[in-house]
Amino acid sequence: MPITIDHQLREQITHDASVFPITYFHDELATLPNWAGPLHWHHEFEIATAVSGILDFQVGQKHLTLEAGDSILINGNILHGIRQLSGDVPDPMPNILFSDVVIASGTSAIYQKYIRPISCSDALPFIVFRHGNGWHNEVNRLVEDIYCQLRERSACYEMIVQRNLNSIFEYLYRHFEDLPKSEATRIQINTQIRIQQMLDYIYTHYAESVTLDDIAHAADISRSEAGRCFNTYLGCSPVDTLIQYRLQTAYRMLSDTTLTLQEISHACGFNSVNYFSRQFRQAYGYAPGQNRTLGK
C-alpha cells in the first residue's frame, strides 16, 4: 500500500468531495522564490504540465525533467517538489489535484478494476506523458481539455472533466504492462516516511524555536539518521531545510506591506531581523526590503 501521512502542505485544497473533488491551479511558480517549491505531499492524484520552460520534478528521490508539452501524473501521498530550470518568465504550469472518487466510487467495480491498480501501486509513484510520443499525445490532449474546462466552467464541464479522466485511466489500464515501474525498497519507504514526519514537524513548527533534536524526535530517530535522511532527499541538513522553509514563508509574507520586516522575521522563526536579512540576501541575492520595491 502507498505511504500515508495525515498532512497537506497546500493550504488551498478546499474542494468538497461530496460536490466535485477536483481543484485547478495555475501560475503557482510565479509566487515561489526562485520558481521552486518545497517538497510536499497530499492524498490526491496530481497532474501537472510544462507549458513553456523546462521543469524539474522531484518525486521521492528521483528527479524528472519535463519539457514544454510534457505532463506528469503523481500518485497520492508521494513526496514531490517542482523547480523551473529554464525560461525568462515563470512557466504557467497548469495542474490539477483530484480524488479518485471523481472517477468512480471506491466500492465500485470500475474503481477496483481500473483505478485501484494505479492508486495502490508502490511501483507507480509517477507516470510521465511525453509530447510527441504515441498514445501520450492523446493523454496530453485530454489533460489540456481538462484545464480548459476548469478555467471556463461552461455548461456540463464537470461531466466533460470526469469523462476525460476516465479516458486517461483507460489509457493507463490498456498500457499498464508497458508503464515504467520503479518499485521502492523497504529502506526507501521507511526513509520517505521519516522525511515526511520530519517535514511535517518543520512545516507546523517553523515559527517556533526548533532544534535538530526536535526534528529528529518527530521521526523517533537519531540526529545522525535525520541528517542522512535529509541529505538523501534534499541534499542538505535538517536545519538548512528549516531555514529554507522559513525564508520561503517570509518571501510570501513580504507581499503584505502592512507587516514590518521585524514582524515577518519573528513570525517566521527568526529571532533577529539582521540575521533574517542576511539569510534572505544569501538565498535570493537581494535584501528582503527590496522584494517589495522590485515587485518580486
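1. A residue is called buried when its relative accessible area is under 20%, exposed when that area is over 50%, and partly exposed in between, with a 1.4 Å probe and protein chains only. By this rule N77 is buried, at 9% relative accessibility. The remarks below apply the rule to several other residues of the chain.

2. The structure is a predicted model, in which local features need pLDDT of at least 70 and side-chain atom pairs count only at pLDDT 80 or more, while totals for chains, interfaces and linings use all residues. Residues are numbered from 1 along each chain as its sequence is written, and side-chain values use heavy atoms, with hydrogens and water left out.

3. Ten helices and eight strands are found in the chain. These are DSSP runs numbered from the N terminus: helices are H or I runs of at least four residues, and strands are E runs of at least two. The chain has a radius of gyration of 20 Å, close to the 19 Å that the globule rule gives for 296 residues, so it is as compact as a globular protein of that length. That radius is taken over C-alpha atoms, and the globule rule is 2.2 Å times the number of residues to the power 0.38. The C-alpha trace spans about 60 × 45 × 35 Å along its principal axes.

4. Of the 296 residues in the chain, 48% are buried. The accessible surface comes to about 14,400 Å², and carbon and sulfur atoms account for 49% of that surface. Such areas come from the Shrake-Rupley method with a 1.4 Å probe; for residues, only the protein chains shown count as cover.

5. A contact means heavy atoms within 4.5 Å. Among contacts between residues at least 6 apart in sequence, 72% join residues at least 24 apart.

6. The chain carries 22 positive and 32 negative side chains, and the centres of the two sets lie 3 Å apart. Lys and Arg count as positive and Asp and Glu as negative, whereas His and the chain ends are not counted. Each charge is placed at NZ of Lys, CZ of Arg, CG of Asp or CD of Glu.

7. The loop between β5 (71–74) and β6 (80–84) holds L79, and N77 lies in the loop between β5 and β6 as well. L79 is buried, with a relative accessible area of 0%. Leaving out residues up to four places away in sequence, L79 touches a set of residues that includes L39, W41, V59, I195 and Y233. Although I193 is 114 residues from L79 in sequence, the two C-alpha atoms are 9.4 Å apart in space.

8. Two residues deserve a check of their backbone angles. Most residues other than glycine have a negative phi. N77 is not a glycine, yet its phi is positive, at about 65°. M93, also not a glycine, has a positive phi of about 35°. M93 belongs to the loop between β6 and β7 (95–98) and is buried, with a relative accessible area of 3%.

9. Helix α7 (residues 238–253) contains Q248, and T249 is found in helix α7 too. Q248 is buried at 12% relative accessible area, and T249 is buried at 6%. Apart from its neighbours within four places in sequence, Q248 is in contact with P33, A36, P38 and Y284. With residues up to four places away in sequence not counted, T249 touches Y206 and C268. T249 and P33 are 216 residues apart in sequence, but their C-alpha atoms are 9.5 Å apart in space.

10. How many disulfides does a search of the whole structure find? The search finds zero, a disulfide being a pair of cysteine sulfur atoms within 2.5 Å. For C148, the nearest cysteine sulfur is that of C156, 15 Å away. The sulfur of C268 is 18 Å from the closest cysteine sulfur, in C236, which is too far for a bond. C268 is buried, with a relative accessible area of 0%.

11. Is T258 buried or exposed? T258 is exposed, with a relative accessible area of 63%, and its place is in the loop between α7 and α8 (261–267). T258 and Y173 are 85 residues apart in sequence and 52 Å apart in space, C-alpha to C-alpha. I187, in helix α4 (residues 186–205), is likewise exposed, at 62% relative accessible area. I187 and I168 are 19 residues apart in sequence and 32 Å apart in space, C-alpha to C-alpha.
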